[in-house]
Amino acid sequence: MEERGSPDGDPELNLDQGPEGLETPIQVVLRVRPMSTAELRRGEQSALRCSGTRTLHVRPPGGAQDVVFRFSAVLDASRTQEDVFQACGVRRLGELALRGFSCTVFTFGQTGSGKTYTLTGPRPQGEGVPVPPSLAGIMQRTFTWLLEQVQHLGTPTTLHASYLEIYNEKVRDLLSSGSPRPLPVRWNKTRGFYVEQLRVVEFGSLGALMELLQMVRSGSRSFFSLGLSRRRSSAHTLNQTSSRSHALLTLYINHHTMSHMDPRVPPAGGKLCFVDLAGSEKVAATGSRGELMLEANSINRSLLALGHCISLLLDPHRKQSHIPFRDSKLTKLLADSLGGRGVTLMVACVSPSVQCLPETLSTLRYASRAQRVTTRPQPPKSPAIKPTQCLETEILQLQEENRRLRSQLVQIDPKGMNSLGSGL
Ligand SMILES: Nc1ncnc2c1ncn2[C@@H]1O[C@H](COP(=O)(O)OP(=O)(O)OP(=O)(O)O)[C@@H](O)[C@H]1O
């Protein structure tokens, strides 16, 4: 039986064509992780076989005919993190973000299928234990690549970042100075859906971002390692460190051209958003109870809402306004990536084990549908930004400056800080 996959053609062409204004399908890359130690110990067999660079054969138990899926790229368990980075064409997304497009990379799959590993690499084995650079995920590799590009651009460029999670249908700022509190998701005509009061960290220089990357890699408590460690995770039967939230890390790229004279108005620029979705899970299989079960239900509900939007987006007569993006925070924040003006890459992750076959088939069908969804990528038309957004950005920049100055003050005179009060 042949399942519908991506149309035949040269995958390089698909990943590298320019997208302006054209109907551009969501690119889907499939990654099969190696068998885990537990799966091997239980003697589980593989149900998957990759053939060529784009085809996956699924062998149902009982000798039934293979089910075949095709994607932009299919990566078997032997492929390294660098192979995955190359095959995903993320550099292309980075180039588009540098040109002002809004780009999204999201990982999708069952719990324990390797989404976080693919995006951010394995978790450090302990406090201060560095993760080898060869295991760095797509996110760190993109940062490094982006920094190199920015260095060679003729135009002064600034980079900002925000990092949030959606936990039990609440948006929490993972970079906030105090303990994260729920933030509202708003909508307006200019920005579409956005999170109000989300902290945006500015990287004043290339060196600062580089330093930050080094800190992330070495496991020091930089903003991002703080963000990573704050993200909700728990142990269940299928994953010892299961993410219990959807996490969205967004890089904002701004070029300062001569024509952009008003320093109060941030120049319009591109975005590159990395989304690590929490895994779908069968509560019976993960043995989740109590809080874990509530989390699982919330994760499954939002993934269902995402799947529903994807199905409706496949209708050629659809109207954007009729897609129920408002059904969940996740679909609100992914609305532009799925049906709007963004350029989107989905990395679907699966376990090879025959025991996971029902979930794997569901991921593969979900991913097959997703690659038939198209967007119409458009770079921002004008740098015009509403005054409220200017003020919001300025407040965030001042908060960031205040925080930096305070931490410098603490280093110079730890006691003197008491006289300053709690401030921001
Ligand atoms: N390609 C891979 N090579 C080696 N180990 C891997 C690979 N992919 C995943 N793993 C390991 O499998 C386990 C589960 O991976 P990970 O936590 O990334 O799954 P996940 O899909 O993010 O799960 P959840 O949705 O529960 O958060 C981890 O121990 C991870 O290190």
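Modeller: What follows begins with the annotated stretch and then turns to other parts of the chain.

The model is predicted, and the annotation itself comes from a record: the unreviewed UniProt entry assigns "binding site" to G109, Q110, T111, G112, S113, G114, K115 and T116. Among these, Q110 lies in the loop that runs between β7 (102-109) and α5 (115-120), and G112 is found in the loop between β7 and α5 as well. Q110 counts as buried because 25 other C-beta atoms lie within 10 Å, and G112 is buried because 28 other C-beta atoms lie within 10 Å; the cut-off for calling a residue buried is 20 or more.

Just after α3, G89 adopts a positive phi of about 65°.

In soluble globular proteins, nonpolar side chains tend to be buried together. Here the largest nonpolar core has 83 residues, and V29, L30, M346 and A367 are those with the most contacts inside it. Helix α10 (residues 290-313) gives the most to this core, with eight residues. Leaving aside residues up to four places away in sequence, L30 touches L56, F71, V74, L75, A348, V350 and A367.

Elsewhere in the chain, R172 has its place in strand β9 (residues 170-173), and R172 counts as buried because it has 22 C-beta neighbours inside 10 Å. Not counting residues up to four places away in sequence, R172 touches L164, E165, Y167, P180 and P182. R172 and L198 are 26 residues apart along the chain, with 8.7 Å separating their C-alpha atoms.

Strand β11 (residues 185-188) pairs with strand β12 (residues 192-195) in the antiparallel sense over four bridges, and V185 stands opposite V195 in β12.

Methods: Residues numbered from 1 in each chain as written. Predicted model: local features only at pLDDT ≥ 70, side-chain atom pairs only at ≥ 80, totals over all residues. Helix = DSSP H or I, 4+ residues; strand = E, 2+ residues; numbered from the N terminus. Buried ≥ 20, exposed ≤ 12 C-beta atoms within 10 Å, placed from the backbone. Contact = placed C-beta atoms within 7 Å. Pairing = 2+ DSSP bridges. UniProt positions renumbered as here; feature names shortened; annotations may be inferred. Core = buried A, V, L, I, M, F, W, Y, C linked by C-beta atoms within 7 Å.
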